[in-house]
Amino acid sequence: MSHEIETHGTQAAAVFARKDAWHRLGTSVRDRAFTAEEAMRLGHLGGWDVRKLPLTTAEVSEGGVTAIEVPGFATVRTSPFTGEPEALGVVGGG
């Protein structure tokens, strides 16, 4: 069974109460209750900056580079671990 948890190096985007999960990833908080805001911070669950961007492509020819719009959108997020944008998928098309 795959854990499907976002990881970066030794950090994982998950938080658990009272005991470690079977995969031993993420942050476990055993000694107290925590708020939703704390869960987002402790579990690296916030700051993903997810957005939808229009698709484009470019044709390179002897006359130069021509941008071409493509039907549909890409779902992109900026990872709080790396600060870099990552493409997640494509919606639409034709």
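Among the contacts in the protein chain that join residues at least 6 apart in sequence, 32% link residues at least 24 apart, where contact means heavy atoms within 4.5 Å. The chain is a predicted model, in which local features need pLDDT of at least 70 and side-chain atom pairs count only at pLDDT 80 or more, while totals for chains, interfaces and linings use all residues. Residues are numbered from 1 along each chain as its sequence is written, and side-chain values use heavy atoms, with hydrogens and water left out.

The protein chain has seven strands and one helix, and from the N terminus on these elements follow the order β-β-β-β-α-β-β-β. The radius of gyration of the protein chain is 19 Å, well over the 12 Å that the globule rule gives for 94 residues, so the chain is more spread out than a compact globule. Here the radius is taken over C-alpha atoms, and the rule is 2.2 Å times the number of residues to the power 0.38. Helices (H or I, at least four residues) and strands (E, at least two) are DSSP runs, numbered from the N terminus. Taken along the principal axes, the box filled by the C-alpha atoms is roughly 65 × 30 × 25 Å.

The protein chain exposes about 6,900 Å², of which carbon and sulfur atoms supply 53%; accessible areas come from the Shrake-Rupley method with a 1.4 Å probe, and for residues only the protein chains shown count as cover.

The loop between strand E3 (15-17) and strand E4 (27-29) holds His23 and also Arg24. His23 is buried, with a relative accessible area of 17%, and, not counting residues up to four places away in sequence, His23 touches His3, Ile5 and Phe16. A polar atom of the His23 side chain lies 3.1 Å from the backbone nitrogen of Leu25, a polar contact being a pair of N or O atoms within 3.5 Å; within protein, one must be able to donate a hydrogen and the other to accept it, and residues adjacent in sequence count only if both atoms are side-chain atoms. Arg24, by contrast, counts as exposed at 65% relative accessibility, and Arg24 has a positive phi of about 60° although it is not a glycine.

Further along, Ala33 sits in the loop between E4 and H1 and is exposed at 69% relative accessibility. Ala33 and Arg18 are 15 residues apart in sequence, and their C-alpha atoms are 9.1 Å apart in space. In the loop between helix H1 (36-42) and strand E5 (50-61) lies Asp49, another residue that has a positive phi, of about 45°, although it is not a glycine; at 47% relative accessibility, Asp49 counts as partly exposed.

The loop between strand E6 (64-78) and strand E7 (85-91) contains Ser79, which is buried at 3% relative accessibility. Leaving aside neighbours within four places in sequence, Ser79 is in contact with Trp48, Glu84 and Glu86, and the side chain of Ser79 reaches the backbone nitrogen of Phe81 at 3.1 Å.

Note on methods: Buried < 20%, exposed > 50% of the residue type's maximum accessible area, 1.4 Å probe, protein only.
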